[in-house]
Amino acid sequence: MPSVARTSTGLGPRAEPSPRHICLHVPQQRPHRNPDAMTETDTAAPHDPNDPASYSDAEIEAGRLLFRRPWAFITSVARLDQLPGDEMIEVAFAGRSNVGKSSLINALTGVNGLARTSNTPGRTQMLNFFGAEGSDVALVDMPGYGYAKAPKDLVDAWTKLVYTYLQGRARLRRVFVLVDSRHGLKPNDLEVMTLLDRAAVNYQVVLTKIDKIKPGQAKRVKEETAQAIVKRPAAHPVVIETSSDTATGLAELRAEIHKLTLT
């Protein structure tokens, strides 16, 4: 794995970075794994080979096996010169502060506390990388956006870091843009999608907290979201509904991530 240093931009309590580089590896002492998350039987809809939103049993199983591996924290990045090399395929997660991004990453990997959660939106302002033993895929937890109390200089630093990262990462396969299903697309979400369109970075919308709304509302939000992205050049057409609490959509999201490793 590549070598970088762990740093902070200032919103969180983490210490200032050291110029010394460390060798990245998956720690031997692993975070506590959630047995319920790893033994769940996520149910996927019957496979339709002509439907891009449908996944075969083999694709679902491949995704399950990918996330059955022991996942662990790799590093945090606050400056471009700290970014890892390009040995690993990267899949990034972006979303408004408090959208449930950290909870979704924890649920996907089945590791409690892997991605730090906070009651203070906008606290994490770094690119956080996670990896698994025997896998060439890295999950990237991007800083939450849309937090009004963040100082302007930190917002500007975030924008520069993220935009440059998005433009310059040849191994970045996709950005999953997380949207709270209770609220639907907000102006900040559309701004990020426009940024991704301009950077020619493929992205896909993932609705979170789908269990918090009624089925009729969930259907409407999904349809409205799909319609809003239909003409966006870098958007993947399939919208995935998820819940970190009930595991809804996790099997499909894992399968989608595994498919990205094949390209």
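The following questions and answers go through a predicted model of a protein.

Reader: How many helices and strands does the secondary structure of the protein come to?
Author: The protein has 263 residues, and 51% of them count as buried. Among contacts between residues at least 6 apart in sequence, 76% join residues at least 24 apart. The secondary structure comes to 7 helices and 9 strands.

Reader: Which strands stand at the edges of the open sheet?
Author: The open sheet has 7 strands with mixed pairing, in the order β3-β5-β6-β4-β7-β8-β9. A strand at the edge has a single partner strand, so one side of it is left without a neighbour in the sheet. The strands in that position are β3 (71-77) and β9 (240-241).

Reader: How many bridges join strand β7 to strand β8, and which residue in β8 does L178 stand opposite?
Author: Strand β7 covers residues 172-180 and strand β8 residues 203-208, and the two run parallel. They are joined by 6 bridges. L178 stands opposite V206.

Reader: Which strands of the sheet does α7 touch?
Author: Helix α7 covers residues 250-260 and packs on the sheet. Its direction makes about 160° with that of β7. The strands touched by α7 are β4 (89-95), β7, β8 and β9.

Reader: At what angle do the axes of α3 and α7 cross?
Author: Two packed helices are described by the angle between their axes and the distance between the axes. The axes of α3 (residues 101-109) and α7 come within 10 Å. An angle of 65 to 115 degrees counts as roughly perpendicular, and α3 and α7 are therefore roughly perpendicular to each other. Their axes cross at roughly 80°.

Reader: Is R174 buried or exposed?
Author: R174 lies in strand β7. Buried means under 20% relative accessible area. R174 has 7% relative accessibility, so R174 counts as buried.

Reader: Which side chain does a polar contact join to that of R174?
Author: Leaving out residues up to four places away in sequence, R174 touches E90, V91, A92, N202, Y203, Q204, H236, E256 and L260. One of these residues is joined to R174 by a side-chain polar contact of 2.7 Å, and that residue is Q204.

Key: Residues numbered from 1 in each chain as written. Predicted model: local features only at pLDDT ≥ 70, side-chain atom pairs only at ≥ 80, totals over all residues. Heavy atoms only, no water. Axes fitted to C-alpha atoms, helices over the stretch in contact; angles between N-to-C directions. Helix = DSSP H or I, 4+ residues; strand = E, 2+ residues; numbered from the N terminus. Parallel < 35°, antiparallel > 145°, perpendicular 65-115°, else oblique. Pairing = 2+ DSSP bridges. Contact = heavy atoms within 4.5 Å. Buried < 20%, exposed > 50% of the residue type's maximum accessible area, 1.4 Å probe, protein only. Polar contact = N/O pair within 3.5 Å; in protein donor to acceptor, adjacent residues only side chain to side chain.
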